[in-house]
Amino acid sequence: MFRLGNILRLMFAVAMVTASATAYAQVDASALMRAQRQGQNITGGYGANPYDTSAQQGADGQPANGEQPAEGEGSDTTKKKKPRKPLESYFFSDSIRALRNFKWHIDRDYNTVKIEPIDTTLNVWRLDYPHYHKRLGNNSVGGLGQASNEVNYFERTRSREFAFSQPYDAYTYNLENAPFYNMKHPYIWMTYLESGQKRYREEHFEIMVSQNINPSTSVSLNYLSRGSRSKYDVSRVRNKNFSGTVAHTGRRYSVHAAYIHNKVEQQESGGVVGDWAITDTVFEMPSGVPMRLAGAEAKNTYRNNGFFIKQSIGIPFVRMTSRDFSMADLPAIYIGHTFEYNEWSKVYTDKYSTYKDERYSRNPNGSYNSHTDTYYKDWFLNPEKTRDSTYERIITNRIFVQAQPWDRNGVVGTIDGGVGIDVHTYSQFGLQDYLSGKLKKETMTSWFAYVGAQGKIRKYADWGANFKIYPSGYRGGDYEITARASLSAYIRKKPLTLSGSFSESMTSPGYWTNNWHSNHYRWSNDFKKEGETRFNVAFTVPDYGIELGFWQSILRDKIYYGADCLPKQHDGTVSVTSIYLQKNFHIKGVHLDHRVLVQLTSNRHVVPLPLVSTFLSYYYEFWVKRDVLRLQVGIDGRFNTRYYAQGYNPALSVFYNQNEVEIGNYPYLDAFISAKWKRMRILLKYQHWNNNLFGNNEYFAVARYPLNPGMFKFGISWTFYD
């Protein structure tokens with residue numbers, strides 16, 4: 001665990017080193033959104049950038065226009081500085097180039113990037129749990145760093161790659177969210193948050209370092225350490241995540257490379273022995289609440305190493321001239337290659353133990369009957385202790401071509417195609433490994449091909465369509481068709497956007513849902529492919545904080561984990577419908593933000609969902625001193641209606657459906673003060689301040705796993721640059 005004093009001393013040292021900085025490179029989310037919406041040419045940026053010295057005096061004191069000194073004058077032989085080229089990449093529009101700093105992620109299949117803001121504002125600073133950043137956020141088994149699952153069914157991960165790590169997707173880096181940066185100045189961003197007493201402390205430490213070698217080449221390092229000692233017994237967790245990225249986005253040639261490493265160490269509690277241990281305040285301290293795996297010394301350790309490199313070269317169909325700032329406006333073709341290596345391992349350990357439920361049942365006279373039980377019913381390999389080891393690796397090679405018939409931002413901007421091969425390797429420690437002493441690995445191969453097209457009509461329309469198929473191999477017969485379109489209108493330069501998307505997919509079951517052998521669970525299934533038809537429509541007015549969304553999905557032969565924690569396949573169809581409404585009111589400094597999600601499922605035993613989930617945020621934002629100190633004071637609240645929420649199984653690292661415990665109808669409220677003082681953000685927060693004040697005390701988001709009781713939090717985030 002990091003100590004606050006050490007962190008502050010480190011920040012102070014960095015601040016002293018960077019005290020000579022004279023320019024502040026800040027991009028907030030709203031500025032980026034405006035730049036993306038406008039899509040207009042902005043003079044300056046890298047077109048007239050600080051790297052360009054061609055119009056300045058040379059380093060030797062001579063005019064930079066190439067004039068020679070008069071005869072007889074002494075000549076200075078000092079070498080002139082070579083002017084650096086501006087950012088000429090076809091990936092970025094003029095409005096993006098004009099930004100001082102920006103961030104992006106690459107698309108794994110297509111030769112495109114997704115621009116994102118570097119958010120140093122107060123917008124989401126108070127939401128210190130990363131799994132709360134998307135709309136309604138996630139349902140978590142506890143505090144910072146622990147497993148979670150998205151509230152909105154349509155935002156849940158659909159990847160088949162190492163399903164056991166998906167509960168930690170909100171925290172881990174992967175091949176699709178590794179960040180790349182473009183900075184006009186060296187940039188350091190540090191964050192530290194802590195809460196609770198030392199023995200129960202939650203801590204979040206983050207540092208990002210990024211620097212451009214030249215306008216087109218950048219290097220960045222990102223490190224995060226997040227975790228909790230937990231107020232509850234045997235629930236400690238520590239996440240360590242690293243991402244190192246290098247990007248060169250030149251006029252014709254581009255390359256993106258990244259290395260990622262994730263490690264998660266999680267003590268597993270198994271949840272409370274009974275909800276009464278939380279709803280009835282019979283324990284003075286949360287650490288006294290009895291847990292089902294308290295004596296089992298249960299622990300999960302996840303490790304991940306990943307590397308990818310993606311490169312492409314552009315070939316224009318016409319000769320480029322000095323007037324052509326980039327290839328984005330010219331007919332061209334791009335040829336590229338992607339290599340990916342990604343491996344995950346999971347080790348689960350425990351030992352045999354029992355737990356005692358003091359209120360297992362109630363007698364007619366009002367007294368309780370106790371019951372002693374074990375969390376796991378079966379011990380197939382070893383009756384005393386468990387060490388289940390699981391490993392998965394995927395190596396992907398992909399060749400792609402992108403045609404740009406006229407203009408990259410034209411009606412038909414790009415036409416894409418590619419082919420590739422996935423090589424999967426799986427292994428797990430089972431009974432045969434005890435006998436042979438060797439870990440058996442299984443390798444499977446699958447081929448895939450894909451095509452796509454996209455285009456724009458200025459700032460008024462945007463469309464795209466993709467098709468991907470696995471014609472042979474392990475995933476032979478899988479396919480996915482997607483299409484999207486959006487239309488925008490402008491009233492007083494404020495956009496109104498109507499967008500929609502459609503997808504149709506057929507997907508092979510994950511390897512682990514068909515094959516699993518461990519100390520507590522075993523199965524050998526032959527599930528059919530899953531099918532899904534999905535579409536959504538959304539209407540947004542960003543300047544007025546309005547978003548209305550509608551999702552509909554028809555699931556065929558859905559695979560899920562049942563109450564016995566074994567995978568099952570529903571024979572038939574399930575319909576899932578979601579309606580999302582967001583309306584943010586802004587009256588001078590008063591902000592009243594509302595997010596409401598309604599979800600309907602035709603079969604709660606297959607897809608259990610709460611009928612209504614809400615997130616409300618009421619706060620007052622104002623300047624204490626103009627352009628120096630800005631303050632937010634307010635309350636955040638979360639609520640969902642009662643339903644049979646999913647449980648969580650530590651040995652399998654999966655969320656499963658259960659029919660014993662209902663949770664919900666409890667408001668979980670946080671009070672906060674957040675501030676922006678020049679380059680520093682400050683957070684003071686009392687999380688779950690209504691604990692033991694009002695509500696039914698059923699503060700669960702996952703069955704039998706209580707959320708944190710009340711605790712005070714403090715945090716700072718500081719940006720340094722030179």
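The chain exposes about 33,000 Å², and carbon and sulfur atoms supply 56% of that area; accessible areas come from the Shrake-Rupley method with a 1.4 Å probe, and for residues only the protein chains shown count as cover. This is a predicted model, in which local features need pLDDT of at least 70, side-chain atom pairs count only at pLDDT 80 or more, and totals for chains, interfaces and linings use all residues. Residues are numbered from 1 along each chain as its sequence is written, and side-chain values use heavy atoms, with hydrogens and water left out.

**Overall make-up**

- The chain holds 6 helices and 37 strands; these are DSSP runs numbered from the N terminus (helices H or I, at least four residues; strands E, at least two).
- Of its 722 residues, 52% count as buried, where buried means under 20% relative accessible area, exposed over 50%, and partly exposed in between (1.4 Å probe, protein chains only).
- Among contacts (heavy atoms within 4.5 Å) between residues at least 6 apart in sequence, 66% join residues at least 24 apart.

**Strand pairing**

- Strands β10 (residues 253–267) and β11 (residues 299–316) run antiparallel and are joined by 15 bridges; two strands pair if DSSP finds at least two bridges between them.
- Q266 stands opposite N300 in β11.
- β11 also pairs with β12 (residues 332–351), in the antiparallel sense, over 18 bridges, and here K310 stands opposite T338 in β12.

**Nonpolar cores**

- A nonpolar core is a set of buried Ala, Val, Leu, Ile, Met, Phe, Trp, Tyr and Cys residues joined through side-chain atoms within 4.5 Å.
- The largest one has 33 residues, and Y376, Y521 and Y648 have the most contacts inside it.
- Two or more residues of this core come from each of β12, α6 (511–514) and β32 (654–656), with β32 giving the most, 3 residues.
- Leaving out residues up to four places away in sequence, Y376 touches L293, Y348, D350, H520, Y521, N649, P650 and A651.
- A second, separate core of 25 residues includes L87, Y173, A258 and M320.

**Nonpolar surface patch**

- L498, F502, F535, V537, F539, L548, F550, I579 and L581 make a nonpolar surface patch of about 720 Å².
- Patches are made of residues with over 30% relative accessible area and no salt bridge, like charges being joined within 9 Å and nonpolar side chains (Val, Leu, Ile, Met, Phe, Trp, Tyr) within 5 Å; a salt bridge is a side-chain nitrogen of Lys or Arg within 4 Å of a carboxyl oxygen of Asp or Glu.
- The elements giving two or more residues to the patch are β20 (494–507), β23 (530–541), β24 (546–556) and β27 (573–587), and β23 gives the most, with 3 residues.
- F502 lies in strand β20 and counts as partly exposed because its relative accessibility is 38%.
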